[in-house]
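Have the structure open as you read.

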Amino acid sequence: MDYIKHKVPPVREDRLMACQAYGGTCGDLSRDSKKGCLYASKRTFSQTQGCQLNLSLGMISSMRDAVMVIHSPIGCGGNLIQNAGINKVFQKLRQESAVGLRWINTNLSEVDVISGGEAKLRQAVLKAEREFRPSAILVFNSCVPALIGDDIDGILDDLQKQVSAKIVPIHCEGFKTKIQATAYDSVYHGLIRNLVGEDNDSQPAVVRTPEEEAEHQAVISKTVNLLNVGSMSRIDEEELVRLLKALDLNVRILPSYSHPDDFVYAHEAALNVSICATHDDYFVEHFQQMYGIPYVMRTIPIGIANTNKWLRDIASFFGIEEQAEKLIAAETAELKQAIEPFKAELKGKTAFLTGGEVRILTTAELLHNLGFEILGLRGYHFDKYGEILLDEYLEDVPNSEKAIFNIGSGQVFEQANLLSKITPDLFVGHIGVNGSAAKQGYPIFPLFGQSDDYLGYKGVFEVAARVSRILKNPAFNKNLGSHTRLPYRDSWYEQDPFTYIDDSASVAARIG
């Protein structure tokens, strides 16, 4: 992989041959992905889809001492308001002087579509420098300037000579891709090109004695970059840091809630530790090629089995397997005893999950180990990393081949149809689709929450406890389902839920 020399990264449809439309079972999906049959699948009707600009903002808007310039009409980025409170609080947990979100929108108008928006971009960047004096200015390119041909990179190269902040262009135009996760690549592309490496250090080079250099290298040899995600809570981070420090490792957390200076020496690490391949593959593979830093990226530490795998992969690299096994044994022994009452309560319950491919598969395994039967999963896209994890899921969870697997971002009408047929006891959903399922009367457990614990061993107990509480009192959602309805005709619920997916395996017989 070598895209950093280019100004704009490729979309995931091209780079990973990612699939964005599928309907079948877990077994069908595993077989079809190995045949290479998924890339060409498409919809004859699409309800909506996610925008990579919004996901880019969700990933990196939390950076401390940075200002975002959103080069777009005024509506783009408006959803940042909903994150303002959490963003500021979580920044202050890391740095008391942090000030939270700061962003400027260039407010492109109809006139700008004709005459160009380059002057407004220039004004916005200079305003950001003049008013805030940040360490970095993150410039997000949206659909409109990309369509009218604004020379974003040329302007920013010229402006970099006039400002002290590091300017980071992020090309995240929503219309370019149907795979919203391309946003992660766009953000990492900008960060690697403009923040990583000594050339981007604003401070004088450090001169060390031989003894000091030897000590410095010893620290690096035990340092890992823990790559967090915007949907993680601070509690999640603390749990993973606790486990890594129990293995005597030094931890640097990137990219969410980090400071621009944290990236300068990010290449001074022994290992990159990902918690989500969907989020991090672009970063870790480029770091391996550019700096020779290996990585761990097999799974996300959700549930006992996947947390064990995650720790063992890290321990294997450092040659501390015995130390890791002692930690795993102690943690799992205590945890298994603590969750036994919940397993008795939840045994025989059924669940349906929707969200990112990596997260839903690992969460499904967690729920299975708590006693749930997993009736179906719905991923936003599917690629080679999902294939690897799906094969492990099929091996670890008995009789999972027949569970439904739908791929599609924003296709709430398919979800509604599926739920009406399989009627799970619990719906586990990503932000944006939980309201629809609630209107059908299903108890909702959010797939992630920025104030709750999901990861590591503590996360297993917390998930079990919260799911137990939700299922004990589902009255609100049941009443909601009795008095509301979704905007679809009754005839739609009588059809195959995958009617509008080309070359989809019909599952009408399997789901009744």
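This is a predicted model: local features need pLDDT of at least 70, side-chain atom pairs count only at pLDDT 80 or more; totals for chains, interfaces and linings use all residues.

## The α16/α17 pair

Let's start with helix α16 (residues 357-369) and helix α17 (residues 384-396), whose axes come within 10 Å and cross at roughly 10°. Angles under 35 degrees count as roughly parallel, so α16 and α17 are roughly parallel to each other.

On the α16 side, the contact is made by Glu357, Val358, Leu361, Thr362, Ala364 and Glu365, and α17 brings in Gly386, Leu389, Leu390, Tyr393 and Asp396. Sorted by class, that contact has six nonpolar, two polar and three charged residues.

## Nonpolar cores

The largest nonpolar core has 73 residues, and the members touching the most others are Ile275, Leu367, Phe372 and Phe405. At least three of its residues come from each of domain 2 (210-322) and domain 3 (339-504). There's also a second, separate core of 40 residues, with Leu101, Val196, Ala277 and Met297 among them.

## Phe405 and Ile360

Who does Phe405 touch beyond four places in sequence? Its contacts include Tyr22, Gly23, Gly24, Thr25, Cys26 and Leu29, plus Ile360, Leu361 and Leu390.

Ile360 lies in helix α16 and counts as buried because its relative accessibility is 0%. Skipping residues up to four places away in sequence, Ile360 touches Leu353, Thr354, Gly355, Leu377, Arg378, Gly379, Phe405 and Leu447. As for Leu377, it sits 17 residues from Ile360 along the chain, with their C-alpha atoms separated by 7.0 Å.

Notes. Residues are numbered from 1 along each chain as its sequence is written. Side-chain values use heavy atoms; hydrogens and water are left out. Axes are lines fitted to C-alpha atoms, for helices over the stretch in contact, and angles run from 0 to 180 degrees between N-to-C directions. Helices (H or I, at least four residues) and strands (E, at least two) are DSSP runs, numbered from the N terminus. Angles under 35 degrees count as roughly parallel, over 145 as roughly antiparallel, 65 to 115 as roughly perpendicular and the rest as oblique. Contact means heavy atoms within 4.5 Å. Ala, Val, Leu, Ile, Met, Phe, Trp, Tyr, Cys and Pro count as nonpolar, Asp, Glu, Lys and Arg as charged, and the others, Gly among them, as polar. A nonpolar core is a set of buried Ala, Val, Leu, Ile, Met, Phe, Trp, Tyr and Cys residues joined through side-chain atoms within 4.5 Å. Buried means under 20% relative accessible area, exposed over 50%, partly exposed in between (1.4 Å probe, protein chains only). Domain bounds come from an automatic or database domain assignment.
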